[in-house]
Amino acid sequence: MSALPVEPVPLSSTVLEQLWAAARAAHARAYAPYSRYAVGAAIVDEHGQVHAGCNVENAAYPQGWCAEASALSALVLSGARQVRGVLVVGTGGAWITPCGGCRQKLREFGEPDMPIVSATVEALGPVYSLEQLLPHSFGPDHLRKP
Ligand code: THU
């Protein structure tokens with residue numbers, strides 16, 4: 001049996017612009033003095049609200065955290081429980097995609113077809129679904145009793 005790849009659900013141009021603006025603003029405030037790789041992330045919840053976050057590095061390197069984690073914290077604090085779309089602004093080089101740990105964090109609140117948009121401050125890049133970036137994943141369903 002072969003599963004078809006899950007394509008990302010399209011975001012409206014309005015939501016895309018809102019996410020991009022919020023992620024650019026977060027990117028501008030990132031605290032990344034060690035890597036010099038600023039990241040801004042924005043996520044839209046089930047109410048259409050946008051939540052943003054940036055990476056926050058630390059002199060004790062492993063203690064830093066990613067922009068997506070910051071944005072997810074803001075979403076949960078607001079009372080929302082679903083992620084309907086993600087946009088991440090990186091700092092040049094290859095198109096950014098969420099790190100492995102952040103893919104799993106997003107998996108907690110998103111459906112397989114949730115769109116994840118890669119971007120820079122200057123341009124929008126490729127769009128993936130959560131399933132494309134984290135296939136055959138482990139999630140809350142696995143812990144539900146039958
Ligand atoms: N980073 C993020 O914030 N999100 C990602 O998806 C990839 C990496 C951060 C972590 C670190 O502060 C810097 O980018 C370089 O790895």
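Predicted model: local features only at pLDDT ≥ 70, side-chain atom pairs only at ≥ 80, totals over all residues.
**Entry 1**

C99 comes out as partly exposed, at 36% relative accessible area. I found C99 in the loop that runs between β3 (83-89) and α3 (100-107).

I then checked the record for this cysteine. UniProt, in an unreviewed entry, gives the annotation "binding site" to C66, C99 and C102. These three span 37 residues in sequence, yet no two of their C-alpha atoms are more than 8.5 Å apart, so I noted them as gathered at one spot.

Next I looked up C66. My note places C66 in the loop between β2 (50-54) and α2. C66 is partly exposed, with 28% relative accessibility. Setting aside neighbours within four places in sequence, I listed the contacts of C66 as C54, N55, C99 and C102.

**Entry 2: E68**

Which residue does UniProt list for "active site"? I found E68, again from an unreviewed entry. E68 sits in helix α2, which covers residues 67-78.

Is E68 buried or exposed? I wrote down buried, since its relative accessible area is 4%, and the cut-off for buried is under 20%.

I also went through what E68 touches beyond four places in sequence: A41, V88, P98 and C102.

**Entry 3: around the ligand**

I listed the residues that surround the ligand: S35, Y37, V39, N55, E57, C66, A67, E68, T97, P98 and C99.

- E57 has a polar side-chain atom 2.5 Å from a ligand oxygen.
- E68 places a side-chain N or O atom 2.7 Å from a ligand oxygen.
- A67 uses its backbone, with an N or O atom 2.9 Å from a ligand oxygen.

How much of the ligand does the protein cover? On its own the ligand has 370 Å² of accessible area, and the protein covers 76% of that.

**Entry 4: T120**

I moved on to a threonine in another loop. T120 lies between β4 (115-119) and β5 (124-129). Although it is in a loop, T120 is buried, at 14% relative accessible area.

The T120 side chain reaches the backbone nitrogen of E122 at 3.1 Å. Apart from neighbours within four places in sequence, I recorded contacts from T120 to W20, V89, G90, G92 and W95.

**Entry 5: two backbone angles**

Last, I checked phi values. Most residues other than glycine have a negative phi.

R36 is not a glycine, yet its phi is positive, at about 60°. I located R36 in the loop between α1 (13-28) and β1 (40-45). R36 counts as exposed, with 67% relative accessibility.

H136, also not a glycine, has a positive phi of about 50°. H136 is in the segment after α4 (130-133). I put H136 down as exposed too, with a relative accessible area of 75%.

Definitions and conventions. Residues numbered from 1 in each chain as written. Heavy atoms only, no water. UniProt positions renumbered as here; feature names shortened; annotations may be inferred. Helix = DSSP H or I, 4+ residues; strand = E, 2+ residues; numbered from the N terminus. Buried < 20%, exposed > 50% of the residue type's maximum accessible area, 1.4 Å probe, protein only. Contact = heavy atoms within 4.5 Å. Near = heavy atom within 4 Å. Polar contact = N/O pair within 3.5 Å; in protein donor to acceptor, adjacent residues only side chain to side chain. Areas by Shrake-Rupley, 256 points an atom, 1.4 Å probe, with all protein chains shown as cover.
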